[in-house]
Amino acid sequence: MQLGTSVAFAATVTGNANTAVTWSVNGTVGGNSTLGTISTAGLYTAPGTMPASSTVTVRATSVVNPTTFAQSTVTLTAPPPITVAVTPSSATVQ
């Protein structure tokens, strides 16, 4: 995903009435400005600048049983460069 964009993740917990999860990015609950942030609803927002590694791990951990989790690997990409072209590249005006 491109830097600065967002994607929604969803977690499904079965086997317990409490289906709440805690979201983390690379082990940090809620993430941070370097790796990207994730809301309690699962909305991940990539950082604005590329971190040291171009991949991060988004994890949903069961609140009832913290040893139970599922995760997804997110590959971060830089947005395409902005270019400007002028046509024609030169002109003679009388």
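## Strand pairing

Two strands pair if DSSP finds at least two bridges between them. In this predicted model, strand E1 and strand E6 (residues 43–45) are joined by 3 bridges. The two strands run antiparallel. Across this pair, Val7 stands opposite Tyr44 in E6.

The pair belongs to an open sheet of 4 strands. Their order is E1-E6-E5-E4, and the pairing is antiparallel. Strand E1 (6–8) is an edge strand, and so is strand E4 (31–32). Each of these two pairs on one side only.

## Val63 in its loop

Val63 sits in the loop between strand E7 (55–62) and E8. Its relative accessibility is 42%. Buried means under 20% and exposed means over 50%, so Val63, at 42%, counts as partly exposed.

Set aside the neighbours within four places in sequence, and Val63 is in contact with Asn18, Ala20, Val21 and Thr22. Ser90 is another matter: Val63 and Ser90 are 27 residues apart in sequence. In space they are 65 Å apart, C-alpha to C-alpha.

Val84 lies in the segment after strand E8 (69–75). Its relative accessible area is 75%. The cut-off for exposed is over 50%, so Val84 is exposed.

Conventions. Residues numbered from 1 in each chain as written. Predicted model: local features only at pLDDT ≥ 70, side-chain atom pairs only at ≥ 80, totals over all residues. Heavy atoms only, no water. Buried < 20%, exposed > 50% of the residue type's maximum accessible area, 1.4 Å probe, protein only. Contact = heavy atoms within 4.5 Å.
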